[in-house]
Amino acid sequence: MIETASLLAVLPELILTGSGLVLMLIAAFGGDRSTHAVNWLAVLALLAAGLSLCTSMAHGPVAFDGLVRADAFSVYAKALIYGAAGAAILLAPRFFATGGALRAEYAVLIVFAAIGMGMMVSAGDMLTLYVGLEMNSLASYVLASFMRQDEKSSEAGLKYFVLGSLASGILLYGISLLYGFTGSTAFDGIAIAMGDGVSKGELFGLVFVLAGLAFKISAVPFHMWTPDVYEGAPTPVTAFFGSAPKVAAMGLMVRVAIEALGPAGLDWQQIIIFVALASILFGAVAAIGQTSIKRLMAYSSINNVGFALVGLAAGTPAGVAATMSYMAIYVVMTIGAFACILQMRDADGKPVDTIASLAGLSQSRKGLSAAFAIFMFSMAGIPPLFGFWAKFLVFDAAVAANLTALAAFGIAMSVIGAFYYLKIIKTIYFDEPAAPYEAKGGAVENIIMAACAIVIVFGYLLNPLLDKASAAAAASLF
C-alpha cells in the first residue's frame, strides 16, 4: 500500500500530471482556439507545483522505498526547472504569431517535460532516473520539430531523436552493467557495493552512465547535436533547451556522482575533469566564427556546462554548492538572453538570428541594446555582474580541492571565450547600422528581459539567500 507521505513527497509531479492530462483534454476538444487559455493554465500549474515543493520536502527525504528523493537538492533544482519552463511558455506566443501558428500542445509538452525533469532530479534509483529522463526526452524531440512546415525544425527534431536514442542506449547499457556487478539499481545499494573497491565491470558501467548523462548536458565529446538543434528549433524551444533540461541533467549527474558513485570518486573525478576541460576549450574556440546568434548560444552553453562541471570535479559540498549556484545564475542569463534574441525582428516583424543584423542597434533600440550588453558581459564573467560570481564560486571550490591547474585553465579560457561575447556588444554599439528592427518589442519579452537584467546587475544582494539555498542542497547529498 502506498503511504500518504510518499504521495506528498511527489506532490509537484502529481499536480503537473493532473494538470497535463486536463490541459491535453482542453487542447483536444478546444483545438488551437484554446491555445491562449492552455498556456496560462500551464503556467499556473507550474506555479502551483513550485509552491508545493516545501510541502513535498516536509514529509521526509525518501519516498517509495528509496525510488524518490524529496530533499533540499531536488527542491532547489525543481524551482529552477519550473521557473525556466514557465518562461519558455510565456515567450512563445509572439514568436509563433509570425513564425508559424502556436498550437495548444506546446504548453502541454513542456508540462510533461517538466514532470520528467522533476523525476530526474528526485531520482534515488536508476529506474526512476531512466523513466524521468526518457519522459523529458520524448517531449523534447517533439518540441524541437514543433514547426512542422519548417525544414530546419524538422531536421533538428530528427537529429535530436536519433542521437538522443543512441545516448539513451549508452546510458541503459551502463545501468545494466552497474546492476549486474553491484546487484542493485538503488543509488545507496550501488554505493555500498562500490565501498569495497571498484571492479572493472563497475568501472565500465560508471563510464557508460556518465557518457549518457554527458550527452544530456551537451558536454564534449557528446555535444554534436547541440548547435544544429539550437539553430533549427523554434527560438522559445531553444530557450527552454538551454535552461530547464540543463538544470535537470546537471542535477542528475551531480546526484549520481555523489550518491551512487561516491566511493568511486577518484575514478569519476578524472572523467569529469576531462569533460570539463574539453567543454570549456571547445565552447570557447568553436563559437568565435559563428554568424548565427542561436548557434553561438549553443557553443556558449557547452562552454558554461564545462565551467559548472569544475565545481562537481571538486567532489566536495562546497563544489556541489558552487555548481548549483552556477546553474541558477546561468538559467537567469540564458532566459534573459533569449528574451533579447526573440526581439530580433526585421521591420516586417519576421525573426532574424544573424549577428550582423545587430549592427548599430544601439541607435534605434537603446533598452534592448543595454539588455544584450548586460547578458553578454555577464556570460563573459565580467565583474561586477552576477556571471562573474558564478565562475568565481566554481574556481574557488576547485582551488580548495587542490585542483588549481583546472581552475587556472578555466580562467584562461574565460578570456578567450569573452571574445565572442564582446564581439556582439561591439556589433551593437560600434558597427554601421544594418537594416532597422521593428520599433517596439513585445510586452512579455520586455518584462522577462528586464527582470533577468535586474537580477544580473543587482544579484549580489541575493547572495546570502543563494549561498544558503545552494549549501543546503549540497549538504543533503553528503
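This is a predicted model: local features need pLDDT of at least 70, side-chain atom pairs count only at pLDDT 80 or more; totals for chains, interfaces and linings use all residues.
Which side chain meets that of Arg94 in a salt bridge? Residues are numbered from 1 along each chain as its sequence is written, and side-chain values use heavy atoms, with hydrogens and water left out.

The partner of Arg94 is Glu445, and the N to O distance in this salt bridge is 2.7 Å. By a salt bridge I mean a side-chain nitrogen of Lys or Arg within 4 Å of a carboxyl oxygen of Asp or Glu. Glu445 lies in helix 21 (residues 443-458) and Arg94 in helix 6 (residues 92-99), so this pair ties together parts that are 351 residues apart in sequence. When I say helix, I mean a DSSP run of H or I with at least four residues, and a strand is a run of E with at least two, both numbered from the N terminus. Glu445 is buried, with a relative accessible area of 2%, whereas Arg94, at 25%, counts as partly exposed. Those words have cut-offs: buried means under 20% relative accessible area, exposed means over 50%, and partly exposed is in between, with a 1.4 Å probe and protein chains only.

By the salt-bridge rule, the count comes to 13. Another of them joins Arg69 and Glu259, whose closest N and O atoms are 3.6 Å apart. Arg69 lies in strand 2 (residues 68-69) and Glu259 in helix 14 (residues 244-260), so this pair ties together parts that are 190 residues apart in sequence. Both Arg69 and Glu259 are buried. A further salt bridge is formed by Asp431 and Lys426, with 3.0 Å between the closest N and O atoms; here Asp431 is partly exposed at 23% relative accessibility, and Lys426 is partly exposed at 43%. There is also one network, in which salt bridges that share partners join Lys152, Glu155, Lys159, Asp228, Glu231 and Arg295.

Let me turn to how helices pack. Helix 3 (35-51) and helix 7 (residues 105-122) pack at an angle of about 15°, with their axes 9 Å apart, which makes helix 3 roughly parallel to helix 7. The axes are lines fitted to C-alpha atoms, for helices over the stretch in contact, and the angles run from 0 to 180 degrees between N-to-C directions. Angles under 35 degrees count as roughly parallel, over 145 as roughly antiparallel, 65 to 115 as roughly perpendicular, and the rest as oblique. Helix 7 also packs with helix 5 (residues 72-90), at an angle of about 165° and with the axes 10 Å apart, and helix 5 and helix 7 are therefore roughly antiparallel to each other. Elsewhere, the axes of helix 17 (residues 317-341) and helix 22 (residues 463-475) come within 8 Å and cross at roughly 125°, which makes helix 17 oblique to helix 22.

Next, the backbone in the loops. Most residues other than glycine have a negative phi, and most peptide bonds are trans. Ser218 is buried, at 0% relative accessibility. Asn402, in the loop between helix 19 and helix 20 (404-430), has a positive phi near 65°, and Asn402 is exposed, with a relative accessible area of 70%.

Finally, Ser52 lies in the loop between helix 3 and helix 4 (53-57), and Ser52 is buried, with a relative accessible area of 6%. The C-alpha atoms of Ser52 and Leu8 are separated by 9.1 Å, although these residues are 44 apart along the chain.
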